[in-house]
Amino acid sequence: MTDPPPRASGVTLLEVRRLRLVEAVAPPVPSEERLAMDRAWGEAVQANPSLFDGPVVACAGLAREEPHSSVVMWVRTTYRRYALRRVPGATSCLPSLFVSVLQPTDDGRVLVGRMSSSTAAPGRWQLPGGSVEPPPLHEPLDVAALSRHAARELGEETGVEQPAEDLPLWCLTRGTNGNVGVQFLAPSRPAPLLCERFTALLSSETARGNDPELDRMALLRSDADLTALGGTHVDYLEPVIHRYFGPWGQGAVPGRSTRTTDDRQS
């Protein structure tokens with residue numbers, strides 16, 4: 001099966017059975033752009049003091065190797081570099097590499113969450129997930145590492161614990177800005193349990209004086225439910241929701257009916 005064309009959002013979904021990740025060296029930032037980057041980062045932190053310049057993985061390229069096999073080139077950088085997106089004409093911007101989890105319910109819905117006011121994108125709806133952190137030196141970044149990161153994000157953002165080995169690779173998304181998302185599919189859970197875990201997480205974080213990453217959750221049954229949410233959402237959310245409830249069918253992993261050990265190899 002060929003990859004579907006980009007939807008109106010400009011996002012392309014890629015079916016994958018095997019994903020290889022290869023580390024590269026981050027291209028340098030020219031001195032004039034570095035000054036503008038530092039200035040843009042300072043303005044961003046002033047507007048949102050919760051931002052931090054921690055280590056992060058950026059995407060340096062995505063290519064097909066076979067019909068259902070892709071390779072992602074990645075580099076080590078910090079969040080400060082993403083401030084270049086605020087600099088008009090910057091030539092050394094790098095796209096993001098992130099993970100997301102589709103968490104279905106037993107009655108055929110999918111969990112989405114709204115980013116809280118303390119995050120980089122307040123009010124934005126998305127799947128549980130986040131940017132990828134670089135592994136320690138001499139340790140690999142592979143699909144197994146990404147699934148562990150996805151499981152951790154799911155737990156931290158929704159209170160739902162899932163073993164990483166129960167999160168098969170579902171698809172890749174590629175945005176118009178080059179951002180690449182690695183989407184994993186969780187086993188179905190009862191909707192009341194998901195709501196209970198999320199409510200308990202919010203209460204726990206509030207009691208500790210912490211701001212949760214997601215301040216609301218919703219369960220979607222269709223594209224129309226996404227539209228009814230109102231507000232903004234990440235560019236990949238509409239095509240992913242559409243595809244989940246579309247040709248692949250609910251809970252289907254593209255190209256196979258069960259997960260194999262190969263799915264977790266780099």
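Contact here means heavy atoms within 4.5 Å. Helices (H or I, at least four residues) and strands (E, at least two) are DSSP runs, numbered from the N terminus. Axes are lines fitted to C-alpha atoms, for helices over the stretch in contact, and angles run from 0 to 180 degrees between N-to-C directions.

The model is predicted: local features need pLDDT of at least 70, side-chain atom pairs count only at pLDDT 80 or more, and totals for chains, interfaces and linings use all residues. Residues are numbered from 1 along each chain as its sequence is written, and side-chain values use heavy atoms, with hydrogens and water left out.

**The sheet and its helices**

Five strands make an open sheet with mixed pairing, in the order β1-β9-β10-β5-β8. Its edge strands, each pairing on one side only, are β1 (12–14) and β8 (129–131). From one strand to the next, the twist averages 20°. Two strands pair if DSSP finds at least two bridges between them. Strands β9 (residues 169–174) and β10 (residues 180–185) run antiparallel and are joined by five bridges. In β10, V182 stands opposite L172.

| Helix | Residues | Lies across | Angle |
|---|---|---|---|
| α2 | 143–158 | β5, β8 and β10 | about 120° to β8 |
| α5 | 237–244 | β1, β5, β9 and β10 | about 145° to β9 |

**Residue V101**

V101 belongs to strand β5 (residues 97–102). V101 counts as buried because its relative accessibility is 0%; buried means under 20% relative accessible area, exposed over 50%, and partly exposed in between (1.4 Å probe, protein chains only). Beyond its neighbours within four places in sequence, V101 is in contact with residues including L127, L154 and F184.

**The cores**

A nonpolar core is a set of buried Ala, Val, Leu, Ile, Met, Phe, Trp, Tyr and Cys residues joined through side-chain atoms within 4.5 Å. The largest has 37 residues, and those with the most contacts inside it include L97, V182 and F184. Helix α2 gives the most to this core, with six residues. Another core, of 20 residues, lies apart from it and has L102, V110, L127 and A218 among its members.

**The pocket**

On a 1 Å grid over the protein atoms alone, a pocket is an open set of points where a 1.4 Å probe fits, with protein on both sides within 12 Å along at least five of seven lines; lining residues have an atom within 4 Å of a point. Of the 45 residues that line the largest pocket, Y79, M115, A120, R124 and S131 are the closest to its centre. Helix α2 gives the most to this lining, with five residues.
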